[in-house]
Amino acid sequence: MTDRLSIFGFLGGKDVQARSIDGSTGNFGILDQRQAMRWVHAEIAAWGGDKSRLLLFGQSVGAASVANHLVRPESWGLFSSAAMQSGAFAQWNSMTAESAQRTLEQVYSRTNCSSVECLVALNYDTIRFQGYNATSQCKYHTAWEPVVDGQELTHEVWELVQMGKVAPVPILMGTNANEGAIFTGVSPNATAQEQAAWSAVQFGSENNEHLEALYPQVDFPSRSGFSSWWWVADRESTDQGMLCPTLSAAHHISTRRYFVQE
């Protein structure tokens with residue numbers, strides 16, 4: 001089973017919610033994944049598998065999907081453990097209903113529609129290439145995320161882990177070095193001015209001085225054809241989108257849980 005992606009999996013907003021039978025919106029991709037897990041439960045024995053020993057694993061956006069299932073009680077019981085590599089419980093694992101509404105309105109504008117009925121009547125290519133490219137105000141360069149709809153997702157994923165509302169299963173998390181490289185948005189020969197401008201957009205110009213202290217240029221020598229300022233941006237991006245959220249989640253989970261030693 002292939003889960004729905006991008007606009008097909010995570011288009012939310014009030015108009016979409018009005019067509020939903022359960023009041024959910026913007027979470028079709030996660031629901032598809034859950035249905036796939038149900039299929040595995042029903043069929044895995046025929047392949048010699050054990051449905052009581054299912055590891056849910058994902059990397060990057062896949063890790064975000066795993067994190068979503070870990071904080072959604074409807075998915076609990078469909079897996080016995082979880083592993084995530086880079087992206088677990090980050091801010092970009094979900095989006096607010098307000099952000100989803102803005103994105104829907106931008107999709108309308110791009111496709112010359114004013115209703116979901118109009119979108120449904122469009123052909124695949126129009127939706128895929130015009131709707132997908134709608135300008136988004138979502139976080140961390142990703143326009144399509146599961147939506148906090150009050151039904152499927154009651155709070156943002158990173159908030160739920162801080163509240164301790166996580167599936168009671170063993171969890172393994174990790175990150176990759178320099179994974180923020182593709183999200184830096186600065187050129188390989190970036191100057192101090194270019195890096196500062198990018199950092200101001202990402203973190204707010206009022207934080208530039210604090211960030212300079214946290215990421216001093218001297219700690220990031222030029223190498224492999226990239227300037228030291230590019231490496232500063234890479235580390236800031238990696239920490240923001242991958243490393244720090246994972247460390248924070250690990251702290252919250254480990255301080256709220258006790259595992260039985262076998």
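Buried means under 20% relative accessible area, exposed means over 50%, and partly exposed lies in between (1.4 Å probe, protein chains only). These close-ups show a predicted model, where local features need pLDDT of at least 70, side-chain atom pairs count only at pLDDT 80 or more, and totals for chains, interfaces and linings use all residues. Residues are numbered from 1 along each chain as its sequence is written, and side-chain values use heavy atoms, leaving out hydrogens and water.

**View A. Meet the disulfide of Cys113 and Cys118.** A search of the whole structure finds one disulfide (a pair of cysteine sulfur atoms within 2.5 Å). Its sulfur atoms, from Cys113 and Cys118, lie 2.0 Å apart. The link is left-handed, with -65° about the S-S bond. Cys113 counts as buried because its relative accessibility is 9%, while Cys118 is partly exposed at 25%.

**View B. Here is an open sheet of three strands, in the order E1-E2-E3.** Its pairing is parallel; two strands pair if DSSP finds at least two bridges between them. Strands (E, at least two residues) and helices (H or I, at least four) are DSSP runs, numbered from the N terminus. At the edges, E1 (55-59) and E3 (171-174) each pair on one side only.

View C. Gly58 has Met84 in E2 as its bridge partner.

**View D. Helix H4 packs on the sheet.** Residues 61-70 form this helix, which touches E1, E2 and E3 (contact means heavy atoms within 4.5 Å).

Methods
Axes are lines fitted to C-alpha atoms, for helices over the stretch in contact, and angles run from 0 to 180 degrees between N-to-C directions.
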